[in-house]
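Here is a short report on helix packing and salt bridges in one protein model. Look over the sequence and the structure, then read on.

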Amino acid sequence: WMVPIYALIYPFSTVLFPRLAPYPAPLRGIIYMLLIFAVEYSSGWLLRKLVGECPWESGYRKAKWNVHGLIRLDFAPAWIGASLVFEWTYRVLRGLA
């Protein structure tokens, strides 16, 4: 299930990265993190409704900062950093960096 969910990064990035480029990196990172949380939460919720469970739920439920077992708020800094790395990689591959 994770491959199609993470595959959403590319189509989102081609739309988002150019539009958010004028904003400072910390703000872009926060926006990306919020979008990642939205996709992670909604896809986990949908999987739970369709197949009865969310694959990462059992691991997330044990964490102190989980939200319904679908996202972990303590992952926010990692998602901010990862999204800015994704953005940098996108720019390098497109010859924009």
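## Salt bridges and a helix contact

Glu87 and Arg28 join their side chains in a salt bridge, 2.8 Å from N to O. A salt bridge here is a side-chain nitrogen of Lys or Arg within 4 Å of a carboxyl oxygen of Asp or Glu. This is a predicted model: local features need pLDDT of at least 70, side-chain atom pairs count only at pLDDT 80 or more, and totals for chains, interfaces and linings use all residues. Residues are numbered from 1 along each chain as its sequence is written, and side-chain values use heavy atoms, leaving out hydrogens and water.

The Glu87 pair links distant parts of the chain. Glu87 sits in helix H5 and Arg28 in helix H3 (residues 25–51), 59 residues apart. Helices (H or I, at least four residues) are DSSP runs, numbered from the N terminus.

Are these two residues buried or exposed? Glu87 is buried, at 3% relative accessible area. Arg28 is buried too, at 11%. Buried means under 20% relative accessible area, exposed means over 50%, and partly exposed lies in between (1.4 Å probe, protein chains only). Arg28 and Glu87 also belong to a network of salt bridges with Arg91.

By the salt-bridge rule, the count comes to 5. Three of them are listed here.

| Salt bridge | N to O distance |
|---|---|
| Glu87 and Arg28 | 2.8 Å |
| Glu57 and Arg48 | 3.0 Å |
| Glu57 and Arg61 | 3.1 Å |

Glu57 is buried, at 14% relative accessibility. Arg48 is partly exposed, at 23%. Arg61 is partly exposed as well, at 44%. Glu57 and Arg61 are about one helical turn apart, because they lie 4 residues apart in helix H4 (residues 57–61).

Now for the helix contact. Helix H2 (residues 9–20) packs against helix H5 (residues 76–93) at an angle of about 80°, with the axes 11 Å apart. Axes are lines fitted to C-alpha atoms over the stretch in contact, and angles run from 0 to 180 degrees between N-to-C directions. So H2 is roughly perpendicular to H5, a label for angles of 65 to 115 degrees.

Which residues of H2 and H5 make the contact? H2 brings Ile9, Ser13, Thr14, Phe17 and Pro18. H5 brings Ser83, Phe86, Glu87, Tyr90 and Arg91. Contact means heavy atoms within 4.5 Å.

Methods
Helices (H or I, at least four residues) and strands (E, at least two) are DSSP runs, numbered from the N terminus. Angles under 35 degrees count as roughly parallel, over 145 as roughly antiparallel, 65 to 115 as roughly perpendicular and the rest as oblique.
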